Amino acid sequence: MISRTGSRWQHELRDAICSAQTLFELLELDGALAPKALKADKDFPLRVPRPFVDRIKKGDWKDPLLLQVLPLAEELDYTPGFSTDPLAERQAIAAPGLIHKYHGRVLLIATASCAIHCRYCFRRHFPYQENKPGTAQWKQALDYIRQDKSIKEVILSGGDPLLAPDRYLAELVDQLADIAHLERLRIHTRLPIVIPQRITTECLDWLTTSRLQPIVVLHCNHANEIDRAVAESIEQLLKRGVTVLNQSVLLRQINDRVDTLIELSEALFSVGVLPYYLHLLDRVAGAAHFDVAEVEALALIDQLRSKLPGYMVPKLVKEQAGKSSKTPI
Ligand SMILES: *Cc1c(COP(=O)(O)O)cnc(C)c1O
Ligand code: SF4
């Protein structure tokens with residue numbers, strides 16, 4: 001049986017907007033003025049849940065939340081240096097659904113889908129079909145983790161791991177907690193931002209009652225993404241002793257101004273979240289129009305450092321294939 005709290009987020013998920021026409025109507029945008037066609041929709045369709053749409057300003061084509069989800073013809077442009085596997089993740093697949101790139105931590109793909117489709121997503125071309133998660137796949141992943149005692153932390157990622165049902169996640173965490181050398185459980189998720197009702201009692205239970213120390217890394221790119229419901233779901237996590245961090249991607253026209261980044265850090269901290277990483281865009285095919293040059297990024301972070309307390313300044317990093325960690329800029 002689906003619990004009352006569970007049904008709300010699952011309802012929002014099913015009710016997500018998948019049609020540009022509906023999105024335009026809700027946002028009072030003139031479909032005829034759509035900047036270039038929505039041809040890019042085919043490969044990676046438009047998908048945005050209503051609680052996120054509610055935070056988009058009506059009638060504004062340049063709204064920073066809208067730009068994250070609106071497919072544009074630019075996605076089809078070919079740009080040299082932007083590939084379908086920019087991080088060479090395929091080489092680091094240790095078992096189906098398990099990516100082991102960095103010392104001491106592994107990334108487990110707990111679901112292959114997302115509640116929202118972010119147009120700049122670095123995994124938009126990831127071969128999810130071959131890395132489909134499921135109870136049958138866990139065995140190999142768990143065996144791999146069990147035999148490598150250097151692994152202290154498991155990161156549930158995806159897709160968005162919180163799209164999986166709580167019962168499934170609870171069972172997975174149970175099995176992870178049985179592996180003696182594991183110490184921490186980290187969840188990389190955008191769901192508490194996109195559909196904050198996802199933070200249910202059942203979710204808090206599996207997250208905080210195992211032996212493993214819980215960390216949630218949110219993905220929020222703009223202060224406008226944080227509304228009351230988001231603040232409340234984060235408060236639930238904090239009350240249960242979860243460390244909550246945030247990572248953002250530096251995106252052209254969305255958060256590439258110093259004032260916008262200051263507002264983001266302040267909004268995050270005001271709800272108890274520490275800014276962790278600010279990522280340079282991964283050079284994934286279809287996302288080149290979001291790219292901010294490295295020199296520009298450096299100048300932005302310098303200005304942030306001069307205006308904010310140190311703990312509110314995220315680490316500016318990029319991900320390079322074959323490196324032993326994210327690369328600080
Ligand atoms: C980013 C990432 C991690 C985590 O790196 P941290 O620097 O610890 O946040 C682990 N594995 C993979 C494959 C990653 O991409
Ligand atoms: S939530 Fe994360 S993984 Fe999913 S589409 Fe957005 S950036 Fe990609």
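**Ligand 1 and its surroundings**

A polar side-chain atom of tyrosine 277 lies 2.6 Å from an oxygen atom of ligand 1. This is a polar contact, meaning a pair of N or O atoms within 3.5 Å (within protein, one must be able to donate a hydrogen and the other to accept it, and residues adjacent in sequence count only if both atoms are side-chain atoms). The model is predicted: local features need pLDDT of at least 70, side-chain atom pairs count only at pLDDT 80 or more, and totals for chains, interfaces and linings use all residues. Residues are numbered from 1 along each chain as its sequence is written, chains are lettered from A and ligands numbered from 1 in the order in which they are written, and side-chain values use heavy atoms, with hydrogens and water left out.

**Ligand contacts and cover**

- Arginine 186 places a polar side-chain atom 2.8 Å from an oxygen atom of ligand 1.
- For lysine 326, the distance from a polar side-chain atom to an oxygen atom of ligand 1 is 2.9 Å.
- On its own, ligand 1 has 390 Å² of accessible area, and the protein covers 94% of this. Accessible areas come from the Shrake-Rupley method with a 1.4 Å probe.

**The shell**

- Residues around ligand 1 (a heavy atom within 4 Å) include Ile99, Lys101, Tyr102, Arg105, Glu319 and Lys326.
- β2 (98-102), β3 (105-109) and β8 (274-279) are the elements that give two or more residues to this shell. Helices (H or I, at least four residues) and strands (E, at least two) are DSSP runs, numbered from the N terminus.
- The most comes from β2, with 3 residues.
- By class, the shell has 6 nonpolar, no polar and 5 charged residues. Ala, Val, Leu, Ile, Met, Phe, Trp, Tyr, Cys and Pro count as nonpolar, Asp, Glu, Lys and Arg as charged, and the others, Gly among them, as polar.

**Salt bridges**

- The count comes to 23 salt bridges, each a side-chain nitrogen of Lys or Arg within 4 Å of a carboxyl oxygen of Asp or Glu.
- One of them joins aspartate 143 and lysine 139, with the closest N and O atoms 2.9 Å apart.
- These two are 4 residues apart in helix α5 (residues 135-147), so about one helical turn separates aspartate 143 from lysine 139.

**Backbone points**

- Glycine 158 and glycine 159 are joined by a cis peptide bond, with omega about 20 degrees.
- Glycine 159 sits in the loop between β4 (153-157) and α6 (166-177).
- Glutamate 28, a residue other than glycine, has a positive phi near 55 degrees.
- The loop between α2 (20-26) and α3 (50-53) holds glutamate 28.
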